[in-house]
Amino acid sequence: MKSTPYLLSLPALLLFGAIVIIPLVMTVLLSFHDWGQYKGIEPVFTLKNWREVFTDSYFLEMFWRTFRIAFFVTLFAALLGAPEAYILNRMKSPWRGLFLLVILGPLLISVVARTLGWALLFGGNSGLINKALVSMGVISAPLPFMFTETGVIVALTHVLMPYMVLAVWAALQRLDPQVENAAVALGASPFTVVRRIVLPQVMPGILSGAIIVFALAASAFATPAIIGGRRLKVASTLAYDEFLNTLNWPLGAAVAVLLLVALVAIVVGASRLVERRYAQVFG
Amino acid sequence: MSKNGPVALVYHTLFVIFMLAPILVVCFVAFTPEGYLSFPTDRWSLRWFYAIGRYPEFISAFWRSLWLGALSSAIAVAFSVPAALAIGRHRFRGRDAMTALFMSPLMIPHVVLGIAFLRFFTELGLGGTFVGLVLAHIVVVLPFALRLTLASAVGLDRSIEHAAISLGASDRTVLRRITLPLVLPGLISGSALAFINSFDEVTMTVFIAAPGTETLPVRMFLYIQDNIDPLVTSVSAVVIAVTVLALIALDRAYGLERLLVGRSADGR
């Protein structure tokens with residue numbers, strides 16, 4: 001029957017229409033509403049929030065910080081994660097499965113617990129590594145970590161690393177080891193093999209991992225909220241404050257919608273570029 | 001295949017330490033006998049695990065998270081099985097758009113979903129209710145359930161169904177005795193992954209949970225915002241232990257590599 005697939009997916013379609021599309025449309029509309037300290041949300045059409053988001057240097061700086069953090073997280077995840085995926089792939093049978101689980105497993109452990117770990121290691125004077133380093137005389141004052149961009153970047157890199165390893169690992173599975181062996185047999189040094197044979201072939205994996213990590217880093221909430229606190233706001237923690245502390249929902253909605261639109265544009269654009277660049281090789 | 005050199009193994013060791021250190025430190029600090037954050041060296045104590053009992057909001061949040069995860073993953077699977085059969089076994093207009101829609105909660109920042117649900121549920125009178133939490137969690141875990149049920153629906157051998165039909169089985173019997181059992185592995189692993197993602201979700205839930213409907217990650221998050229003390233490390237250690245146990249069970253039953261990577265790492 002021609003209608004079978006539609007009937008089968010109808011329940012899920014209705015569900016998504018009702019509780020994904022309608023709420024998102026409402027959020028977009030909300031960002032055009034007015035708000036006042038005493039009058040609350042007024043359902044009139046105004047560009048006030050959007051003007052504020054685009055002209056106030058505070059928002060500009062905050063979005064710039066959000067994407068700067070996401071950029072460095074992506075860079076470090078790629079630089080550290082790709083070699084590790086390669087090393088994992090060269091391991092022998094029991095070890096490679098075991099370590100793959102050790103590295104990917106944290107993905108499923110609560111992000112709050114993982115971020116708490118970083119706060120325990122480096123947080124202020126009581127941070128365990130800071131305390132040890134100070135008592136050993138290596139450093140005179142604790143390394144600044146909490147409420148710094150460095151701290152957020154380190155913790156987020158750790159939180160999102162499994163996605164990068166996963167993407168590169170998946171690309172490595174498609175690699176034919178015979179090509180590497182052929183290069184070695186023809187006298188290529190290990191460095192040349194990696195640079196000329198392995199890297200070009202896993203590049204799509206690294207790039208798709210980078211897109212995932214960037215999108216998740218730019219929209220991360222719990223880690224920047226715990227490490228960055230109120231002093232170092234990113235887009236998602238700012239939207240949270242507007243919604244649950246200031247109660248200026250329309251302005252918070254504008255920030256959230258802008259984050260969504262910027263991310264979708266970046267992710268779709270980057271994916272197109274990657275696909276076009278590698279279409280000839282993997283088409 | 002060539003072996004890893006010593007430099008690679010040193011790098012690998014440092015990388016594994018980097019990945020595990022923050023998780024292990026939480027678990028170790030949870031055993032401190034002191035009243036402040038410290039690394040237990042000679043004396044270990046369960047003091048802070050007993051202390052959880054004096055905070056009923058953590059206990060009730062834990063049970064709420066378990067229920068929420070169980071309910072939302074079960075309902076998400078119920079929605080995704082027919083959708084997976086439609087997408088995986090039929091070619092029809094709008095198929096790609098439909099798949100993109102069902103997968104969209106993976107791409108929409110959870111902050112945006114939280115904001116959207118907060119407004120939506122407040123308007124509906126569901127603000128801060130458990131029903132609202134379940135509805136929101138169904139949507140965010142559905143992509144995980146769908147992806148794994150889809151994988152088993154695509155790999156399904158149609159000739160078995162055709163054989164059943166030619167032997168006189170009715171449509172209903174084919175579905176119940178042939179099709180559903182064949183997609184069962186994907187269904188089970190999909191619901192497990194959906195459960196874990198619901199159990200850990202904090203960003204969206206923090207917007208829509210109210211005092212009295214807070215989940216465990218939300219309760220932990222709000223607690224850490226105010227103060228970091230050994231209590232929250234012992235709660236985190238319990239969460240980590242629950243997740244690791246679930247992961248081990250899942251690994252035994254299905255193979256975690258298959259779940260995360262999509263195929264067995266050694267099966268080639």
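This is a predicted model: local features need pLDDT of at least 70, side-chain atom pairs count only at pLDDT 80 or more; totals for chains, interfaces and linings use all residues.

Tutor: Residues are numbered from 1 along each chain as its sequence is written, while chains are lettered from A and ligands numbered from 1 in the order in which they are written.

Student: What does the secondary structure of chain A come to?
Tutor: Helices (H or I, at least four residues) and strands (E, at least two) are DSSP runs, numbered from the N terminus. Along the sequence, chain A reads α-β-β-α-α-α-α-α-α-α-α-α-α-α. The total is 12 helices and 2 strands.

Student: How many helices and strands are there in chain B?
Tutor: From the N terminus on, chain B runs α-α-α-α-α-α-α-α-α-α-α-α. The count is 12 helices and 0 strands.

Student: What percentage of the residues in chain B is buried?
Tutor: A residue is buried if 20 or more other C-beta atoms lie within 10 Å of its own, exposed if 12 or fewer, and partly exposed in between, with C-beta atoms placed from the backbone. In chain A, 43% of the 283 residues count as buried. For the 268 residues of chain B, the figure is 45%.

Student: Which helix gives the most to the side of chain A that touches chain B?
Tutor: Two residues are in contact if their C-beta atoms, placed from the backbone, lie within 7 Å. The contact takes 74 residues from chain A and 70 residues from chain B. Helices that each supply at least two residues to the chain A side include α3 (57–89), α7 and α12. The top contributor, with 18 residues, is α1(A).

Student: At what angle do α4 and α6 of chain B pack?
Tutor: Axes are lines fitted to C-alpha atoms, for helices over the stretch in contact, and angles run from 0 to 180 degrees between N-to-C directions. Phe102(B), Met103(B), Pro105(B) and Leu106(B) of α4(B) meet residues of α6(B), among them Val139(B) and Leu142(B). The axes of α4 (residues 95–107) and α6 (residues 130–154) are 8 Å apart, and the angle is about 115 degrees.

Student: Why does Phe147(A) count as partly exposed?
Tutor: Phe147(A) sits in the loop between α6 (128–135) and α7 (149–173) of chain A. Its phi is positive, about 65 degrees, although Phe147(A) is not a glycine. Phe147(A) has 15 other C-beta atoms within 10 Å, so it is partly exposed.

Student: Where is Leu247(A) found?
Tutor: Leu247(A) is not a glycine either, yet has a positive phi of about 65 degrees. With 14 C-beta neighbours inside 10 Å, Leu247(A) is partly exposed. Its place is the loop between α11 (235–246) and α12 (249–282) of chain A.

Student: What distance separates the C-alpha atoms of Arg89(B) and Leu142(B)?
Tutor: Arg89(B) lies in helix α3 (residues 56–89) of chain B. Along the chain, Arg89(B) and Leu142(B) are 53 residues apart, and their C-alpha atoms are separated by 19 Å.
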